[in-house]
Amino acid sequence: MTIKPVVDRKVRLAFGSAIAIMILVGAFAYYCIVVFNENNRWINHTHEVLDNLQELRFLIQSIELSSRDFVMSGDESRLKSYRTSVAQAEDSAAAVTYATRDNPVQQREMPSLAALLAQRSQFAESVIRLRQTQGLDAAVKEVEIARGDRNSDEIYTEIGMMRNEELRLLQRRSADSQWQLDETKTVLLFGTVLGLLITGAAGWSVHRDNSMRALAEEALRAGEEQHRMDLSGVRDYAIFTLDPQGRIMTWNAGAERINGYRAEEIIGQNFSRFFPPEDIARGRPEELLRITAANGRHEENGMRVRKDGSRFVASATITALHDAAGKLRGFSKISRDLSEAKDSEAKYRGLLEAAPDAMVVVNQRGDIVLVNVQAEKRFGYRRDELLGQKVKNIIPEGFAERLIADDARSAAEALAQQIGTGIELSGRRKDGSEFPLELMLSPLESTEGILVTAAIRDISVRKAAERHLAQMEGRYRGLLEAAPDAMVVVDQAGDIVLLNVQAEKQFGYRRDELLGQKVKNIIPEGFAERLVSDGLRSAEDALAQQIGTGIELSGRRKDGSEFPLELMLSPLESTEGILVTAAIRDISVRKAAERHLAQMEGRYRGLLEAAPDAMVVVDQAGDIVLLNVQAEKQFGYRRDELLGQKVTNIIPTGFAERLVSDGLRSAEDALAQQIGTGIELSGRRKDGSEFPLELMLSPLESAEGTLITAAIRDISVRKAAEADLVQNVQDLNRSNQELEQFANIASHDLQEPLRMVASYTQLLSRRYKGKLDSDADEFIAYAVDGASRMQRLIQDLLAYSRVGSKGGNLRDISSDNALQQALQNLRGVIQDSGALVTHDPLPTVMADEIQLIQLFQNLVGNAIKYQKPGVPKVQISAARNGAKKWTFSVKDNGLGIESQYFERIFGMFQRLHKREEFAGTGIGLAICKKIVERHGGRISVESQPGSGSTFRFALAEGERKS
Ligand code: ADP
């Protein structure tokens, strides 16, 4: 199994060295190229120096030739080319010096070459100068003497030496370069060959290893196949393998036999299907794999499910499988059906451990012989602390006793009586605390005789819940009886389980006649049906839909009579399941009232249309709910345009507000304040025009609550008339005032000239009476009479006008005093006529004193004046007239007045008698009327012609008693 890593190592080594060699070869090649390049540069450099030396040599020749030519020919152009050559030779020499600057051998030669060159040019210059100054011959002579050629040869020799040196260098460098090239070639060839060799060797090695592994794997597969064939034949054990996710990979005959699946149908499926649904739900299969993966191996006894759904307890061992690299490859699982186990204890132990409850197996002596892990947990003991101990230690009472035979019965019988029944006892934990438990016993035949298996369940929670509910129920029973409604509690089967005394009364049954009976007996329809679940909903849902809503049904009394009722349902959790409490209210009265109202409403609709006014019925939200045809006309809308609309559309302000309750008053109070009073508001027609209206509100109880009926009257005409009236009164007052002013001013101003006319006519009459003729006396008498009448008239008019303008404030005065003053003023008249004036005690009244005196004076004066012959009698009296009023009467025994003149006499200038009969202006009673009216009263007369008159007027009582 370790072949692969070895192969890997070899391959890695081989390729590693090959690559290392390649890298070395590459580096070396690069180095060689760099060196080669450098050599080449030097070779080129040497060629360059050789070229320079060659050029220098050529230029020396050129100097020689051109200087000689000039000497021979004297041609100045030759002299010019001579100078050019000299300059170039200097440049060339400098170039050589520069190019050989790093070669000490050549540099050593350079000074002598330079010196030779200088000598040469010096000589040439001197010859040229001779040729120019002394002519050809002198110059030739000089040349011959100096042997200039010798110098040139020396220069050539020098250049030749230098050239030789460069050639030597060239040779050496070329040889170096060649060697370098050869060396590079060798190294590259060798390196490549070596790399190829190593790679080849590695390849060969891998190939050899691979064939070895193929052989090994072949062997392994054969082994595994063999193994699998061995396992597949095993029938006692279910043996299968899982991949890391729990999918089944292999399946043996035992697995097929025990689990019921054939290999082809189960391979590839997840092994979780062997677990019961509750284990799957809590993720047990995945958990098992996790535990196994972590620990490598896991054993357990657990409940499993066969293909046919039947269950069995399996004892399973799961092992994690890993590959060579240690990676999880899957699991193998070996399990057996414990129910088949030969060893019954193992089988039993498996069952025991698989049980969800604490299990304790006890022998007939009461000793604990077996426990499961739940029992350890429940009682807080370790297994070894329990085994062999008395069961009384953990269940002090009621268990051990049940195991024991007594005289009356055998042990088996004793036990038989208990089997399967849930026995509630008390358990004691190791720490001494107790808890309620429920025992389920079952016998177990064993070699040691009959053992008893006790399944023990902790029922603390259930017990607490039961206690709670019992309390609840106790309290609830109290509530039930206290309720004002009939209450019936019904279970989901529709049986009455509880009821109160009101329910007895309502339905006319005694309690015991109803308890346990079907609720259908008293509520035949609609209630029991509501408790029942159907395909679409559970009982709880069915009930939930009804809770709290008032359901109107019909109840049936014991005597068979029926009555309408309203049910309110509420659920009540109890130990017997969900119960339903029904509060039952007799709604006969309400129903009757509703019917009545509906009728009322029908009738009311008729009334509405018959009404002459526009009528609108509005609810408390201010919506129009009803209206009549007059309302349609008044506002110019069609009925359907108004119904359901806000009343503010037609009466924008002041109506809707009156319907609304506020913090200070309820809607009813708000309305009550408005009922019956005429409220003047403004209406708006559909065309937008507005008109004044008067509302009369009245409430109308209806099924929808209190509605408000508004009778609406268009008061445009009345409003216009009122406005007119106000205007008229104002006009009248103004003209009255003007008139009074005029009368006042006129009478006042007339008095003065009149007084003059009167005095002088009187003077005339006194002085000239009898001195002129009789006609003159007569005329003067007329003038005097006219003037004095006019004076009286003016005085009366003045008095009249002063009643309105000069009246003092009303105050408490004694009418008795006022009468005395009037009589005082009239005393002359009274004496003359011999009149008898009597009066009752007279009260204090609210009056203007001057005016009251004048009133009495005018009336008493008239009573004395309008008399037949005889003694005039005048009686003044006052009688209380209702609250705070006094009616005065002035009664005479005079001429009397015909009834048709009763009104007229109070007018201005109205007289019933001729001036010749009785003097007067006809203003006196008008003044009386004005005075009385100013005091807020009316004056009237009652009379029979010939038997006297009575004038009456009323005044307000004074605040002070007289
Ligand atoms: P005058 O007395 O100045 O004529 P009045 O206004 O006081 O004016 O009276 C109007 C008229 O009423 C009198 O002219 C008279 O005819 C009639 N009258 C007034 N008082 C009486 C009376 N007591 N009895 C009968 N007639 C009366």
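I started with the largest pocket, which holds about 960 Å³ of space. For the record, the search ran on a 1 Å grid over the protein atoms alone: a pocket is an open set of points with protein on both sides within 12 Å along at least five of seven lines, a cavity is a set where a 1.4 Å probe fits but cannot get out, and lining residues have an atom within 4 Å of a point. Points are joined across faces, edges and corners, and a volume is the space filled by probe spheres set on them.

I noted that this is a predicted model, where local features need pLDDT of at least 70 and side-chain atom pairs count only at pLDDT 80 or more, while totals for chains, interfaces and linings use all residues. Residues are numbered from 1 along each chain as its sequence is written, and side-chain values use heavy atoms, with hydrogens and water left out.

Next I listed the lining of the largest pocket: 39 residues, with Asn858, Asn862, Lys865, Tyr866 and Gly924 nearest the centre. Two or more residues each come from α26 (774–805), α28 (827–833), α29, α30 and β27. I found α29 to be the top contributor, with eight residues. Helices (H or I, at least four residues) and strands (E, at least two) are DSSP runs numbered from the N terminus.

Of its 20 residues, Asn862, Tyr866, Arg911, His913 and Thr921 come nearest. They split into eight nonpolar, nine polar and three charged; here Ala, Val, Leu, Ile, Met, Phe, Trp, Tyr, Cys and Pro count as nonpolar, Asp, Glu, Lys and Arg as charged, and the others, Gly among them, as polar.

For polar contacts I used pairs of N or O atoms within 3.5 Å. The side chain of Tyr866 has an N or O atom 2.6 Å from a ligand oxygen, and for the side chain of Lys865 that distance is 3.0 Å. At Leu912 a backbone N or O atom lies 3.2 Å from a ligand oxygen. The protein covers 98% of the 520 Å² of accessible area that the ligand has on its own (Shrake-Rupley, 1.4 Å probe).

Definitions and conventions. A residue is near a molecule or strand if one of its heavy atoms lies within 4 Å of it. A polar contact is a pair of N or O atoms within 3.5 Å; within protein, one must be able to donate a hydrogen and the other to accept it, and residues adjacent in sequence count only if both atoms are side-chain atoms.
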